[in-house]
Each structure stands twice: as C-alpha cells, then as structure tokens.
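Reader: I have a structure open and would like to go through a few of its local features with you. Could we take them one at a time?

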Amino acid sequence: MTVDLSSLNANQLESVNWNEGPLLVLAGPGAGKTRVLTCRIARLIEESSGKYFRILGLTFTNKAAAEMRRRIEDLVPNAGERTLLTTFHSFSVDLLRQHGSHIGLRPDFTILSQSADRETVLNEAIERARKEQYELAYRGEQLLPLVTWLLDNCVRVDDAAGVLQKHEAASAEGIAASYRNYRNLMIENSHLDFGCLIAETLELLENKPPVRKQVNRIYTYVCVDEFQDTNLAQYRILRKIVNPTTKNLFVVADGDQIIYQWNGANPERLNSLQRDFEMSVLSLPQNYRCPPEVIDVANKLIRHNASRDFEKPAMIAYKPNGSNNRIRVKRFDSFANEADWVASDIALQTKSSLFSCVVLARTRRLLAEVLKALSSKDVSGYLAMRKDEFISKPMVWLHAMLRLANARQDREQLRRVCNSFSNMAEIELFVGDIISDSAVADGDYLRAWYRAVMRQENLDCRTRKFLHAAVPRLADRLDFRSFVELSFGWFDDMSGSGAETDGSISEYQEEKGTWTSLVTEISSELGPDRVTLNVLLQGLDLRSKEPNPPKDAVPCFTIHAAKGMEFDHVYLVGLVEDQLPSWSAVKKGAHSQEMQEERRNCFVAVTRSQESLTLTYSRDLFGWTKKPSRFLKEMELVS
C-alpha cells in the first residue's frame, strides 16, 4: 500500500516529502497542517519497512493525539508499532514510569489533578520548612500559584531562592525551602502533579545522560503539532529528546494562534526554535476551511499585531466566493436581547444544520446567559467543562477500588471506597476500624475492607455474591479487567432493579460511557498489552472525565475550548471592550502583549467558521455601558 499524496498542494507536498534535518511549517487555521503531519509520519513508516526506529509525535491534547493516531492508522495499518503519538504530559508519564527510579520515583506513582490534593502536600512542605527554622505565614492555597510558576519556568530547587529574591518576593528563603520540600514530598509519597511531571522529566533528561541517549536513539524522528502552545519547560524537554546529531525535528506552528500566554506560551519561542535548531521554514498559506469573506476579515484583523512573524504570508482562501450574508454583524441594547436574538436565530436553523452551529464567547458568564436563552427556545445547549474526577457513586467506588489495589495503604482512597460503597449498599463502614484491622493482619487496606464488608449481616445477597466473585480477583491477582466487567454488571443490575445508587442513574450511565471511551483511548495510545493497572490509572489521571458533547445539543464554548475545532455556523457574542479584548488587556494598553493575545483570540474565533460567521455586541452588558470591540473596526465591519 502506498500513501496517496495526490490531493496535496505543492507546499503541503514539499512538507510531507521532507526527509532529514529540522523543518518549521508555518500553517494557519484550515491549512491542513495535521494532515501534512500525519501524511509525513505515514510516509516515513512506509518507506522504512523492516527498520526498528520509532517516530515520536507530540501534541497538546489527548483528543488531538487520538485524532493523529486514527488518521495514521487509516493510512498505514499497524502504525502503532512504529509510533508514539501522545501529549507532552503522557510522554513524561511514560518516561518516568520506565526511568523514574533514577530520581527515587516508583513506577506506580499517581497524578494529583485537584488543587485541594496539591495544597495538602504543600501544607506539609510548609510545615517542614518551619521545622527547618524558616518563618512562614503562608498556607498552601496561598503559595500554590507561586509553586506552579516555579515549576513551569524550570526553576531548579537550588536556584529558587535567588529567583524569588530577584522578583522581590517576601520570605524568599522560606518559600524556596517549601518548594524544595514540595518536590521531595511528591517523590517520597509517589505523587506528581502536572507541573512536577514536566519538571522531573526535565531533571531526568538533563542529569541522566544514558536515559537521554536512549530516547535520542529510539526516536529517530520527532514531530510536534501546535508548537506555539509550548511553555518553557516543555520546550526544554523537546530540546533534550531530539537527537543533537541529526536534528530530525518537524514542527507545525502558527504564531497567530498563540492564545495560552497565561499558561506559559510565548511568541518569542518560535524565534528560539529557529535559532536553536537552525530550522528551514515552509509556509502553508491556503485555507481550506473558511469562506473567502471570513479569510478577508481575519487577515485584516491579525495584521494589527505589531510583533507578528512576517515570514508567514497572509491566508489565501481556497473556497469560492459565496452569498453576501456569510458575515453578519448585529448590535443590541442589552446582552439579554443579544442572547435572545442569537438563540432565536439558531432555533430557525433547519434540523440538519441546527447542531452544526456553535456559540463562542470570551467568558463562561456570557455563555451561561446564551444557554438560558437557548433553553427558552426549546433548543438544547451544551457547555464544556473540564472534569477531573468521576462523581457518580458507582464510578467513584470503581475508580477508588482500582487506586487502592494499586496502593494498598492509601488512606484517602480507602475513605472514598468506604463512603461510596456505604451509600450504594446501605451499610455503615468505619475507616479507622478497617485500618486497625489491617495493622494486625497484613497491612493491606483493600483486603481489610473486603473482610469488613463480608462480615456485614445485612449485606444484600446479590452484592455479597458480586464481591465474592470480584474482589479476590483484584486483591490477589490484580485482574482489574475482570473486576471492572463484574462491577459494571453489578451497577447495571442495581440500576435495572430501580435501586438508588447515587440518586442519578443517568449520571452513572453517562460516566460509564466516558470510562469506556477513555480506556479505549489509553489502549490505542500504548497498545493493549502495555496497559497494566498503574498504566491505566495514570492514563485516567491525565484525562478529563467530561463526556463527549451530545450530538443533539448546540455547543457553547469559550474561545480557548474551541481551538482546533471547526463548525459550519459560528456565533461570536459579547464583542465589546472589556470582554474581547478583556479588561486587563485594555488596561495594559493598545500595544501590549496582552492586547495582541486578545486579538489572536478573536482571530481564532472567527476562523472556526466553515460556512457563516455572526458577530454580535451590545451597548449594555450586565448593567455596564460598553463600546463595540476595537476588533470589529480593525476587521472593517463597523465604522
């Protein structure tokens, strides 16, 4: 089978056929950049049949990584044996799982995604610093943003005090000691947060040359999608994993879509990339997504960014000119009227196009009002929100049982197991009693929990039978697949009998579907044979537990959440000063970096459109008089 490249344009084909050495592909929205990346990887695999090197493809969301895997498998079946297509965080987890012992980390470490869990560790770190005679009046919740900043900016433990003093931070020495203790406690307790994942990976690659050389040898080619989203720590990891001799780095990026400066992305990083790797540069100016009218206003808008990379040419529309109403601009007296009109206009769409609409806004508060308006028109709406943990009692119990099987003396997971199971089975369990029982036996909380439950005289017969069949498989053989299958059978049996699990059967069914999708995604990334219990748990920790968007609801997304997506009909609401651009950007000034990022936000929003673009604004927003967004004027849509 030969990868078909006949439909690629000249610039795309040149990019796909690039062989050795570093290349930067500057590609705007709708330019087919992911297609170029996947076609190049597929071509390299096909042309190197019988060779054993692997190709590493890095991107920034699990969804994007899954899409890359799907596309490459379509082009080259069984490509998974030759590729690792993943996120920076997942790559770091995989590397630390294999080599973390060099820095004292166990391979079954857990990932802390909740701020409350991180604050608990930081409070203990602060207490250690106090015992070391540092005076600190801070609590964990106060210091956590600063600790996150230190991690994201690759500040070494030994350099933290100097960096903090340079920034005139009060109690710099004590905070630096807390930072040191925080990172040490994470490793001691076999925990990592997202910042530590990257920081410890960088520590490993910088201080353990054999590990770095092994990575350089295995991954002959490294490809990065959406490079503009990298923060400093991720970029430094990238510099270590690319073989310094061959520099086979293939990067796709768009400086006009840098909208994560708050998360460490920086327009200057593209310049650093070109300087550090001496990149050759190709551009993909053609846009296959947007109508020409939208391309025209997007080009006009982004030209106002003074620090823009002018190596990248303006977008060229591929689609032919269409009707005159591809772009509509609407003004209202109040945002209530604005939201009502948007909802009414969407409700007028035909059934086939209704759910190909999207409502975009700079903030969730605006979207919440639009959701209410949609509901008043009997139109279902959907607002995406990240969800780090399962919340239905069956799924909380299942997840906690697996975590407890992986770490047999985890008091927090035992507490979750007891609370959720007590609610479902209507029995009373006491964490302290179970811990005491385990102390005089084998020290195993999971087995002690099982003994405590089976001693309950009022335990339902079906539940007792299920536990007898399922828990020993997990506790004795770590057969988590059978345990999960039997657990779902028990949950479904309770649901079918009308028994209350957590007061919401539908919530459990939704989360069951999410679980199944996530497990499939993890298996696809690493291969089913590599998914052990701790690998599964780490994969789940890295992923949001939010369900897939319903197909019968109009999505309402913040601009950041919509990046990388496309929709037939885009409604961008709240286009007023202090919203888009934001109040902080307006305060910083017309030529500030913040204002340029807000302009890129607007650019990203308008270029989600495949058919039509509707832009709306109001004179009054939540009781405040507002001026139309300056971006409307820059797009030459208002006077």
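Predicted model: local features only at pLDDT ≥ 70, side-chain atom pairs only at ≥ 80, totals over all residues.

Reader: Where does S171 sit, and what about its phi?
Author: S171 belongs to the loop that lies between α7 (160–166) and α8, and its phi is positive, about 55 degrees, although S171 is not a glycine. Most residues other than glycine have a negative phi.

Reader: And D378, which has a positive phi too: where is that one, and is it buried or exposed?
Author: D378 has a phi of about 60 degrees and is not a glycine either; it is placed in the loop between α16 (364–376) and β13 (381–383). With 74% relative accessibility, which is over the 50% limit, D378 counts as exposed.

Reader: Changing topic, which residues have the most contacts inside the largest nonpolar core?
Author: Y182, L238, L249 and L273 do, in a core of 69 residues. Helix α8 (residues 172–188) supplies the largest share of this core, with nine residues. Apart from it there is another core, of 60 residues, which includes L301, A343, Y571 and V576.

Reader: What does L273 touch, if sequence neighbours are ignored?
Author: Not counting residues up to four places away in sequence, L273 touches L24, F227, Y235, L249, V251, E278 and M279.

Reader: Then P22: where is it, and what is it in contact with?
Author: P22 lies in the loop between α1 (10–16) and β1 (23–27), and, leaving aside neighbours within four places in sequence, P22 is in contact with K247, L249, F277, E278, M279 and S280. P22 counts as buried because its relative accessibility is 13%, under the 20% limit.

Reader: On to helix packing, how do α18 and α20 cross?
Author: The axes of helix α18 (residues 411–425) and helix α20 (residues 445–454) come within 11 Å and cross at roughly 25 degrees, an angle under 35 degrees, so α18 and α20 are roughly parallel to each other. The crossing of α18 and α20 is right-handed.

Reader: Which residues make that contact, by name and by class?
Author: From α18 the contact is made by R411, L414, V417, C418 and F421, and from α20 by Y445, W449 and V453; by class, seven of the residues in the contact of α18 with α20 are nonpolar, one is charged and none is polar.

Terms used
Residues numbered from 1 in each chain as written. Heavy atoms only, no water. Core = buried A, V, L, I, M, F, W, Y, C linked by side-chain atoms within 4.5 Å. Buried < 20%, exposed > 50% of the residue type's maximum accessible area, 1.4 Å probe, protein only. Helix = DSSP H or I, 4+ residues; strand = E, 2+ residues; numbered from the N terminus. Contact = heavy atoms within 4.5 Å. Axes fitted to C-alpha atoms, helices over the stretch in contact; angles between N-to-C directions. Parallel < 35°, antiparallel > 145°, perpendicular 65-115°, else oblique. Left-handed = near helix turned anticlockwise from the far one by under 90°. Nonpolar A, V, L, I, M, F, W, Y, C, P; charged D, E, K, R; others polar.
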